[in-house]
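Thanks for coming. I have one structure to go through today, so please look at it on the screen while I talk.

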Amino acid sequence: MENSSIKKSVLSLACVLALSTSFMYADTDLAQQANDPTAPLMAVQLIDGYTSDFYNGLEGENANSISFRAAYPYKWGETNHIARVTLPVVTDSPTGDTGIQDMTLFDMGVFATSWGRYGVGLVGSIPLADGNEQWSVGPAFGFVNNTLSKGLNIGLFNQNLFRVAGNDDRPDTKISSLQPILNYSMGGGWNIGTGDIQYIYDWESSQWASLPVGLQVGKLHKFGKLPVVFSLQYVYNFADEVTASNGFLAPTPKTNITFTAKFLFPTF
């Protein structure tokens, strides 16, 4: 009788551990996809970025912006695509200027490989009320390797914007950005990585406009059947001598804290 009870207890414990492990790996897989920009995953993000300090600015100056971003995977012919739109709104700035900024549209064909995925596409910027009043477009390329280790993403994304029309009185938009992809899903929905940091080079003024280092920590949480990734990121920018079009040093973000809520729709 005792042996039978022990066997039942061991079997029950094994079932619980197996279910717990499967749920942990399911969360790990979803968290990894959530931090892979090439993954065919529909997502909607709300991003709040707070700049607490500026180079070449007055002491105590800060800024804040709220961005809406949506990613939508679809198929065109035999090719998988990911379309993404980002709309930022400045809610506070050192100059007092606030409002909707330029909308960024992104579309990329995604191709699977034995080591992960790579994508090729176009990125464009649409001028809105409070932006730089220029239409811009350019090529984009990126790759993510997700086979080196369970839950690990390593890759790089390059986006380029060049003016094609708009306000002639402003300096032409000629920028390239490099976004390193480094993220590790630790299990239980937790992940850590570099987040959405971008090294930006301004070809018009021949200078680096942004040279950041950052760390992001996130946690996947499920509200019923809706998965949401909450993340907090700290960024320090080393580009401390960025010149404006008039030749003077421009106020440049020094430290930034970003909170993101990313709503995932894996079964859409």
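The protein has one helix and 15 strands. Keep in mind that this is a predicted model.

On to burial and contacts. Of the 268 residues in the protein, 38% are buried. If you take the contacts between residues at least 6 apart in sequence, 54% of them join residues at least 24 apart.

Next, the surface. The protein exposes about 14900 Å², and 63% of that area is supplied by carbon and sulfur atoms. There is a nonpolar patch on the surface, formed by Phe111, Trp115, Val120, Phe141, Phe143, Leu156, Leu178 and Trp208. Together these residues have about 660 Å² of accessible area.

Where does Trp115 lie? Trp115 is in the loop between β5, residues 103-112, and β6, residues 116-126.

What does Phe263 touch, leaving aside residues up to four places away in sequence? Phe263 touches Met42, Ala43, Val44 and Leu46, and also Leu226, Pro227 and Val228. For the pair Phe263 and Leu46, the separation in sequence is 217 residues, while the C-alpha to C-alpha distance is 8.5 Å.

That is what I had on this one.

Terms used. Residues numbered from 1 in each chain as written. Predicted model: local features only at pLDDT ≥ 70, side-chain atom pairs only at ≥ 80, totals over all residues. Heavy atoms only, no water. Helix = DSSP H or I, 4+ residues; strand = E, 2+ residues; numbered from the N terminus. Buried < 20%, exposed > 50% of the residue type's maximum accessible area, 1.4 Å probe, protein only. Contact = heavy atoms within 4.5 Å. Areas by Shrake-Rupley, 256 points an atom, 1.4 Å probe, with all protein chains shown as cover. Patch = residues over 30% accessible without salt bridge, like charges linked within 9 Å, V, L, I, M, F, W, Y side chains within 5 Å. Salt bridge = Lys/Arg side-chain N within 4 Å of Asp/Glu carboxyl O.
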